[in-house]
Amino acid sequence: MSSSAVREREDDEELARSPKRTKVDELTDDGPIVADTSPLMSAALAVTDSKEGSSAVAAESVLPPSHALLGIAPTFSSNGLRQVLQTDVGISEYISRDVPPISGIIKQRFTDFLVFEVNQDHQVIHLKSLDMPESSSKKGKGINDGSSSSVIAEASMAQPQEPVASAESNAADELPVGTEAKDKDDSTPADIPWNDQFTEKLAPYLNEVSIDQLKTMFLEGREPPRVTDSGWGGRLTKTTEDGTEIPDEAKPSEDVDASNNDGTGKRGKNRGSRGDRGGRGGRGRGRGGRQGGEREDHRKVLSEPISSKTDRTALHQVVRELFGGKLDSETDMSTPAGDDGSRIVIKWSRHGGGRGGGRGGRGGRGDRSDRGNHPPYIHFTLQKTNRDTQDALGYLSRTLHVNIKDLAVAGTKDKRGVTVQRVSLRRGNKTVEDVWKSANQFNRRSVQEILSQRGDRGVRIADLNYRKAGLELGMLKGNAFVITLRNVQVENVETLDRAMNSIKHKGFINYYGMQRFGTAAVPTHSIGLAILKSDWHKAVSLILQHRPGEHPEVVAARDAWLVDGNLDRALSLMPRRVVAERCILESYKKQGGETRNAMGALSTIPRNLRLMYVHAYQSYVWNAIVSERIRIHGPDKAVPGDLVFDSKPAAKGSAENDEMEVDNEEQATTEGKGMSSRERKKAVKAAYVPPSIKILTEEDAHQYSIFDVIMPLPGRDVDYPGGTLGERYREFLRLDGLDPDNFIRKQKEYTLNGSYRKILQVPKDLSWSILRYTDPDVPLAQADEDKLLGFDSPVVVDDGKFHALQINLTLETAAYATMALREVTKTETSSHFQTGLTQASEDQQFRGAVAGDIAGLDDDDTEMEVSNTLDS
């Protein structure tokens, strides 16, 4: 855009906190041959060393006993805690140890780390349109569109996504908004205006008057005709001591309109749809209020008494067939059944309205005109800023008023950065419009505000459409990254070329990155080990334990429980984003403060989060053994004792998807497109066959390359390498109190099947450029949402004082971009350390400065090459 507003992105509250990294004597004890001794590194160490946590805990190490095998002596601050470093989780080796480091800061700004999911069709996912979608296909065909100015989501989704690689032919089951409705136009009578077929099928059960009433109600549409109530509907109610509601007469008159309703739905006492039963009407009012405050619909059609149960059942069936779930039929309970039988009442379906609405077979609880005709899932694109995936899904579940289990993703993304991915929602009776409105707080923001402001709390959804099936973990090809390293310091351009070409041709060690192990002094793999050992109380203790550098409100919440034993206060103070801790405390609350059932408390933590602890332990062991393998045999060739796939694995274990995370339910599969998620998971379990693995010998090792070599994640269905590495695996597990030959647990979800992962990763589509800047607050990359809003366009200053390295690359599933950057910078990648680098960086003194206004710039600075693109 030619002009764009530059707005300061609100700093996340976590940015304001001190990293409080406890003192460590050295970055690593067995660090790289080429250590970063730059002034920036030294200053960063000084900054982080000066900020020790204030939480008093025992000096006992929380690291697993096998940490001793890493050959690294843990160092502690005076309070007994320290932040976990790369070497503590087995990350110690490099491919290009002979290349000097390129000093730079990772993730100084959120937009310095952009992540875009690559779907199974090799398409990069981007936000395309922020506009509100529409469900009706008729809108898209120009029929009945009236004055509607909404941009239909399917128009934007029809545009081709960016290709990453040669896309494989994979028939998608995606249905753009309105497609399903269009298909059903030819076969579903409910999508056709009233005709003789309706009258003929209803005649055996309804008289002419009832049929005429039903026809009128149906043609009026779901929303009842507007009538004025002189403003009574919008007034607050006062309640007397006996519970009688008295309308507040202070409010001015207004029309009864859903757009003006505040969602409470309190409009007087005679609201019951069944006679004058104010109590039942009140209950219905509450349900309606939660769904956005629609106008109450009193319209209904009553049949004559029908004595035959068979005839009543047949009428219910006819209503379902004719109206496709839009109308609801139920037995009339407002009057007692007589000798002549019961009456059937027919009305428009509502959220939670009536017994039929409560059954999925009758239109799904309050369907609007086309609710019942769409596939059972809604997919949308999620952009999140500085939020964990689970945290973002939790926020969406509360905003959309759905169970978090109804939301699913293909993979988890980094917290610190701006990430874009697809999310699936088991929609129930929600439409794409409902989801868009709820996610954008349509009840308190206008469309203009929604389309001109960033999403609330760092979350924005867009590009909604209906799908036949939900997403599952592993249903992606990888992720595309745009990464900006700031304050880059390198000897010369040739050194930069060497580092980047090394990644291009030799790749990097496919370590599990620091995100896998958390950013706190209590690493997730230690919690995972406690779970695997069924030491439930230790696992709970580790989760609830103090961590240095936490936000003050989290510290206060922990103190309320750990120090004062005040459960209610701890729950009131603990932020919602602290998911695991809240779940445990809420479990204790339900048990009346009893804490003996630690296993039960852990089970209330969302399953994905619980399994992440266990996965983290597997990842720790994998990292450690791979480091041992590189240290002993080098990173250049396959050697006897290495593991490779004996033959190319099937889809579930392919090279592109060799990250078969722990249990079969999380394996990627493209089979069973028409099956539900539950059915598909069961099918995966039933069909799973461990891949055939080959241990290389002297005779055949030369037939394979280092890129074929894999390493197992511990589990019951894996083979270990031959020789010393296999013994090292067993030594690690035994020292941690685990049986390397028995990973079956009484709690089935903690039974580890294991998997395999390539030890090296080579990025695709690698390119880079050198940018110059002066103000560290100026964006050098732009998030999708900001592009659509016209915010924060990248600003590159030709004569800027500092250099930035911007890297574009694509990685396969489960690869960590920070580990690719580590190969370049040869620097600690943990978030607390990078925060120290940022605070110590020279460019921080130029915040808010303009390059032309800065005195003392060296005119004879060597100009680095502006850009250099590598052909992939």
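User: Which residues of α10 are buried?

Analyst: This is a predicted model. In α10, the buried residues are T389, Q390, D391, A392, L393, G394, Y395, L396, S397, T399 and L400.

User: What makes α10 mostly covered?

Analyst: Of the 12 residues in α10, 11 are buried. A residue counts as buried under 20% relative accessible area. The buried residues of α10 pack against the strands β11 (377-385), β12 (407-409), β13 (418-426) and β14, and also against the helices α11 (432-439) and α20 (607-633).

User: How do you know that the span of α10 is close to the expected one?

Analyst: The expected span is 1.5 Å times one less than the number of residues. Helix α10 covers residues 389-400, and from its first C-alpha to its last it reaches 16 Å, against an expected 16 Å. What follows α10 is H401, with a positive phi near 60°.

User: Which residues make the contact between α15 and α18?

Analyst: From α15 the contact uses V540, I543 and L544, and from α18 it uses A580, E581, I584 and Y588. By class, there are 6 nonpolar residues, 1 charged and no polar ones. Glu counts as charged, and E581 is one of the contact residues of α18.

User: What is the phi of H122, and where does H122 lie?

Analyst: H122 has a positive phi of about 65°, although it is not a glycine. Its place is the loop between β2 (113-118) and β3 (123-124).

User: Why is H122 called buried?

Analyst: The relative accessible area of H122 is 8%. The cut-off for buried is under 20%, so H122 is buried.

User: What is the phi of D463, and in which strand does D463 lie?

Analyst: The phi of D463 is near 55°, a positive value in a residue other than glycine. D463 lies in strand β14 (residues 459-467).

User: How do you know whether D463 is buried or exposed?

Analyst: D463 has a relative accessible area of 2%. Exposed would need over 50%, and buried needs under 20%. D463 is therefore buried.

Methods. Residues numbered from 1 in each chain as written. Predicted model: local features only at pLDDT ≥ 70, side-chain atom pairs only at ≥ 80, totals over all residues. Heavy atoms only, no water. Contact = heavy atoms within 4.5 Å. Helix = DSSP H or I, 4+ residues; strand = E, 2+ residues; numbered from the N terminus. Buried < 20%, exposed > 50% of the residue type's maximum accessible area, 1.4 Å probe, protein only.
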